[in-house]
Amino acid sequence: NIVQLQNYPYRINGALNKNYLCDFNKYDRFDSINVSIQHTCNLNCIMCNYKHEPNSEIDELYFLILEQLRGYNLKTIQLTQEGEPFYYKKRTLDYLQSLTTDDCQTVFIISNITLLNDEDIETLSNLKVKIHLIASIDGVTEETYKKIRRNNLFNKVMHNAELLIQHKILKSINFVVQELNTTEIPLIIEYCRMHNIKCNLLPLESENEKYREIINDYTQKCR
């Protein structure tokens, strides 16, 4: 698992192992930490090259790291690098419910939001810490969503998005721009504008320059 400790002027990136955990106390100037569950995910999106095979040892280390963060009064804990944080939904929700402002002020989460239900969203809305959720949604129509995400969960995802917005939990949407969804860029921009959330247009990594130009064109038009 990859962890990032962040605070100007220090930024420490490193692959953690169990022997490294005891060294957290020596970093007395970080206020934000990003912990990744790496490639553990419930989806198999068309643009993703990772093998989403859970590794019980690495995943256990992920939660062990999270437990080590208690009591640091961090500004943020970020579950935003790779993988799906709600893959282990009960354990993740239990952890979030246990956090207090003595641990951190805000938890940032990037999620495909397919695994959440109404009860889970209600739980997220009643935590002691703030949740800043970023939803990964790469198709605004059911047909496009299904082609990219390779599942039939479009209606559930959009329902969850609406509910998360109502609870002021969903703050932005990540939209990976690629051949299948370029025509839907205006739709996702309008959706985000209508709901007063941020729209993050991200270029497909394998063709970064091509899609960055498309994103720049739409960005200019929307100003």
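Student: Which residues lie nearest the centre of the largest pocket?

Tutor: In this predicted model, Cys-48, Tyr-50, Gln-81, Val-176 and Glu-205 lie nearest the centre, out of 34 lining residues. The elements that each give two or more residues to that lining are β5 (104-111), β7 (170-177) and β8 (198-203). The pocket holds about 940 Å³ of space.

Student: How many lining residues of the largest pocket fall in each class?

Tutor: The lining has 16 nonpolar, 13 polar and five charged residues.

Student: Why is Tyr-62 called buried?

Tutor: Buried means under 20% relative accessible area. Tyr-62 has a relative accessible area of 1%, so Tyr-62 is buried. Phe-63 has 5%, and therefore Phe-63 is buried by that cut-off as well.

Student: Why is the pair of Tyr-145 and Phe-154 called tilted?

Tutor: The planes of Tyr-145 and Phe-154 stand 55° apart, with 5.7 Å centre to centre. Stacked needs under 30 degrees and edge-to-face needs over 60, and the rest are tilted. Tyr-145 counts as buried at 1% relative accessibility, and Phe-154 is buried at 10%. A search of the whole structure finds four aromatic pairs.

Student: How do you know that both faces of strand β3 are covered?

Tutor: In a regular strand the side chains alternate between the two faces of the sheet. In β3 (residues 32-35), Ser-32 and Asn-34 are on one side, Ile-33 and Val-35 are on the other, and all are buried.

Student: What makes β3 and β4 a pair of strands?

Tutor: At least two bridges are needed for two strands to pair. β3 and β4 (residues 74-79) have three, in the parallel sense, so they pair. Ile-33 stands opposite Ile-77 in β4. The chain crosses from β3 through helix α1 (residues 56-68) to β4, and this β-α-β crossover is right-handed.

Student: How many bridges join β5 to β6, and which way do the strands run?

Tutor: Six bridges join β5 to β6, and the strands run parallel. The bridge partner of Phe-108 in β6 is His-132. The chain crosses from β5 to β6 through helix α3 (residues 118-124), in a right-handed β-α-β crossover.

Student: What makes strand β6 mostly covered?

Tutor: Five of the seven residues of β6 (residues 130-136) are buried. β6 also pairs with β7 in the parallel sense, over four bridges, and Ala-135 stands opposite Ile-173 in β7.

Student: Why does Lys-168 count as exposed?

Tutor: Exposed means over 50% relative accessible area. Lys-168 has 63% relative accessibility, so Lys-168 counts as exposed. Lys-168 is found in the loop between α5 (154-166) and β7. The phi of Lys-168 is near 60°, a positive value in a residue other than glycine.

Student: Is Asn-196 buried or exposed?

Tutor: With a relative accessible area of 72%, Asn-196 passes the cut-off and is therefore exposed. Asn-196 has its place in the loop between α6 (185-194) and β8. The phi of Asn-196 is positive, about 60°, although Asn-196 is not a glycine.

Terms used: Residues numbered from 1 in each chain as written. Predicted model: local features only at pLDDT ≥ 70, side-chain atom pairs only at ≥ 80, totals over all residues. Heavy atoms only, no water. 1 Å grid on protein atoms, 1.4 Å probe; cavity = no way out; pocket = protein on both sides within 12 Å on 5 of 7 lines; lining within 4 Å. Points joined across faces, edges and corners; volume = space filled by probe spheres on them. Nonpolar A, V, L, I, M, F, W, Y, C, P; charged D, E, K, R; others polar. Buried < 20%, exposed > 50% of the residue type's maximum accessible area, 1.4 Å probe, protein only. Right-handed = clockwise from strand over helix to strand, strands pointing away. Phe/Tyr/Trp six-rings, centres within 6.5 Å; stacked < 30°, edge-to-face > 60°.
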